[in-house]
Amino acid sequence: MQYYLNNLITRFLLGWCLVVALALNAKCQSNMETQNVEVTFNKTSTIVFAAVIKSVDRGSRDVLAQKAKGVENVLQVKAARRDFPQTNLTVITADGVLHHFTVNYSEQPTSLTMVTDQLADPPVDPLIFQSALTETDIENYSAGIAKDKRRILGVSESGNKMVITLLGIYIKSDVMFYHFRIVNRSNIDYDIDFLKFYIRDKARIKRTASQEIEIRPLHIYGNDKEVKGNSSTDIVYALQKFTIPEAKYLQVELFEQNGGRHFNMNIKNRTIVNARLLE
């Protein structure tokens, strides 16, 4: 009798587990429903998500996809060529949701903007920015800094009739602004290859690789392409807020394209922490 009772209980538990498993599977499938998106060659389609985009995978090179500049939850999608065959797009967001999209080409998409299901009732401002400042805010602050006549700092490097000077460091919310002036006293135009920021170790231990971290600007204001002969240009770089440990320093590298007038400027942490607060 006990054997039959145990067998009955076992069957009941197995049946219940099967029901739970089927229910969970159905829930997972419902969370991964495929949505349709239309793209075209000469216009950009936009997909707005409820959370920060962590990963994007394209099913084909026929589709171009990138996060909108300065915005963490907006994906811009465009066709790389006309009339490509149907493909797919997979996006993972920070809330753990896996989004599947079927991508079709259309000369005239029904809509150029899609809000994902998780934003069925979107808030007034659903965009998630990299910082508390919008790109417009950063642009406006940068423009004001570029016109500022005050010379707060005097960190500079010179050579070959070129001078690069750090005029000031400013901060607003979680964004820091670095104001540089590049002066060309020669008759030869200076074509800027790049100006980059690195956090580097002060001392390099023998047989040990020195740690190097590049800091990429959120925004660049001014002409960062060239400095004409016998002229100057002011450039403002907006960076995510940071400070530096005592064993490290911030190095700014300015390289000339197809030339040899290169500069390395070292900025210490005590200079950075004296950043002027923007109102």
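Here is a short tour of strand pairings and aromatic contacts in a predicted model. Residues are numbered from 1 along each chain as its sequence is written, and side-chain values use heavy atoms, without hydrogens or water. Local features need pLDDT of at least 70 and side-chain atom pairs count only at pLDDT 80 or more, while totals for chains, interfaces and linings use all residues.

Start by selecting β5 (74-79); strands (E, at least two residues) and helices (H or I, at least four) are DSSP runs numbered from the N terminus. Strand β4 (residues 63-67) pairs with β5 in the antiparallel sense over five bridges; pairing takes at least two DSSP bridges between two strands. Look for A65 opposite V77.

Next, the rings. The structure holds nine aromatic pairs (Phe, Tyr or Trp six-membered ring centres within 6.5 Å; planes under 30 degrees apart are stacked, over 60 edge-to-face, the rest tilted). Select F84 and Y105: their centres are 5.8 Å apart and their planes at 70 degrees, so this pair is edge-to-face. F84 sits in the loop between β5 and β6 (87-93) and Y105 in strand β7 (residues 98-105), so the pair ties together parts 21 residues apart in sequence.

Then pick Y178, F180, F197, Y237 and F242, which form one aromatic cluster.
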